[in-house]
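Visitor: Please take me through this model one feature at a time. I would like the general idea before each case.

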Amino acid sequence: MTFAVHAIRFASRPGVRGQHFLGHDARSHEPHPTAYSVWLATDGEHTVLVDAGIDPDRPAPIDGLVFHGSPVDGLAALGVDPAQVGHVVLTHLHYDHTGTVAAFPAARFVVQRAELAYWTGPVAARIRREQWLVSRADVEHLTGRARDRLDLVDGSVEVVPGLEVHHVGGHTAGMQVVRVRTAAGPVVLASDAAHFAENLDADHPPPILHSVPDVHAAFDRLRELAGPDGIVVPGHDPAVAGGNTVVRLA
Ligand SMILES: [Zn+2]
C-alpha cells in the first residue's frame, strides 16, 4: 500500500531573509516570502495529517499573516472531514504547527516525548526567544481533553504501515520529521527541520533553533531518509506549492 501526499498551504507572510537564516549578513533585509502549510497522507485506509497549522480565528503571535483559508478548509477541498483523520503527527509544538488540534475529535496525536517535556518543563517559559512560539492553549488541549489520544514517542516509530516519524531535534528539542511511502518513492516531510530548500542546500540553519549541531545533523538525516529515490519537502518554502493552496506532492 502506498500513500498519496498533499501539501495544503493555508497562509503566507512576507518575511525577510534575516528571519530565516542564522546570522546577520548584507542580505538579511531582503524580502523572503514564507508559506505556512500542513500535509495530508492518505492510502485509502489511513488518513494522517502532518501538523495542525494555525486557526485563522485566533490571534497569531506574528504580524503579516495572510490566510488562504484554515487547514480544515484545505482538508475539505480534498474531501476529508476532520472526524476522518485518524492521526495528527505534530512535528513540533510551535504555534504555527498546533493551531487546530481541537478540530480533530478522533485523531491520535503523535508527539516526541522530548518535545512535550521541553515545552512543559521549567526552562522553555523562561527563554524569551522561545516562550512566544508555543500556544499554551494547544498544549493544554493535548495534555488535557485529548490526553487519552496523545501518543508520546521516542526516536523512530512507524505510525501506520508506510508512514514513520523520526526524531531529529535541532530546530526544537523534539523536532520530528515524517517519511511516507508513495508510488513515486519516499517523501520526507521536513517541516521545520528545513524551512526552505536553501537551508538544506546552503547548509544554513534558521535563526530559531534549539541546537546548531543538531540542525546540521538533521539536514544529513533528511537526505539519508529520502535516499536516492526520495524527495525532501521543506516546511515553509513557497516553491513547494507554487501559487496553489493545495498541491499533490506524490
Ligand atoms: Zn513553522
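Guide: Begin with burial: a residue is buried under 20% relative accessible area, exposed over 50%, and partly exposed in between, using a 1.4 Å probe and protein chains only. This is a predicted model, in which local features need pLDDT of at least 70 and side-chain atom pairs count only at pLDDT 80 or more, while totals for chains, interfaces and linings use all residues. Residues are numbered from 1 along each chain as its sequence is written, and side-chain values use heavy atoms, with hydrogens and water left out.

Visitor: How many aromatic pairs does a search of the whole structure find?

Guide: In general, a pair of aromatic rings is described by the distance of the centres and the angle of the planes. Here rings of Phe, Tyr and Trp (its six-membered ring) pair if their centres lie within 6.5 Å; planes under 30 degrees apart are stacked, over 60 edge-to-face, and the rest tilted. The search of the whole structure gives five such pairs. F21 and F196 form a tilted pair, because their ring centres are 6.3 Å apart and their planes stand at 40 degrees. This pair links distant parts of the chain, 175 residues apart: F21 is in the loop between β1 (4-13) and β2, and F196 is in the loop between β11 (185-191) and α6 (197-201). These elements are DSSP runs numbered from the N terminus, helices being H or I of at least four residues and strands E of at least two.

Visitor: Are F21 and F196 buried or exposed?

Guide: Both F21 and F196 are buried. Another pair is Y118 with W119: the centres are 5.1 Å apart and the planes at 75 degrees, so this pair is edge-to-face. Y118 has 14% relative accessibility and counts as buried; W119 is buried too, at 1%. Ring pairs also join F10, Y36 and F67 into a cluster.

Visitor: Which residues coordinate the zinc ion?

Guide: The general rule is that donors are N, O and S atoms within 2.8 Å of the metal (3.2 Å for Na, K and Ca); water is not among the atoms, so sites may look incomplete. The zinc ion is coordinated by D96 (OD), H97 (NE2), D192 (OD) and H236 (NE2), at 2.0 to 2.4 Å. Along the chain these donors follow the spacing D-H-x94-D-x43-H. D192, in the loop between β11 and α6, and H236, in the loop between β12 (231-234) and β13 (246-248), link distant parts of the chain, 44 residues apart. Both D192 and H236 are buried.

Visitor: Why is the arrangement around the zinc ion irregular?

Guide: Four donors are tetrahedral if all angles lie between 85 and 135 degrees; four are square planar and six octahedral if opposite donors are over 155 degrees apart and all others between 65 and 115; anything else is irregular. Because the four donor atoms here subtend angles of 93 to 155 degrees, the arrangement is irregular.

Visitor: How much space lies in the largest pocket?

Guide: Rolling a probe the size of a water molecule over the atoms shows where empty space is left. On a 1 Å grid over the protein atoms alone, a cavity is a set of points where a 1.4 Å probe fits but cannot get out; a pocket is an open set with protein on both sides within 12 Å along at least five of seven lines, and lining residues have an atom within 4 Å of a point. Grid points are joined across faces, edges and corners, and a volume is the space filled by probe spheres set on the points. The largest pocket holds about 300 Å³. It has 19 lining residues, of which R13, Q19, Y36, I62 and I208 are closest to its centre. β2 (34-42) and α2 (95-98) each supply at least two residues of that lining.

Visitor: How do the residues of that lining divide?

Guide: Ala, Val, Leu, Ile, Met, Phe, Trp, Tyr, Cys and Pro count as nonpolar, Asp, Glu, Lys and Arg as charged, and the others, Gly among them, as polar. The lining of the largest pocket has nine nonpolar, seven polar and three charged residues.

Visitor: Which residues line the largest cavity?

Guide: R17, G18, F21, L22, G23, D25, S28 and H204 line the largest cavity, whose volume is about 40 Å³. Two of these lining residues are nonpolar, four polar and two charged.

Visitor: Where is S191 found?

Guide: S191 is in strand β11 and has a phi near 45 degrees, a positive value in a residue other than glycine. S191 is buried, at 1% relative accessibility. D203 also has a positive phi, near 55 degrees, but D203 is partly exposed, with a relative accessible area of 43%.
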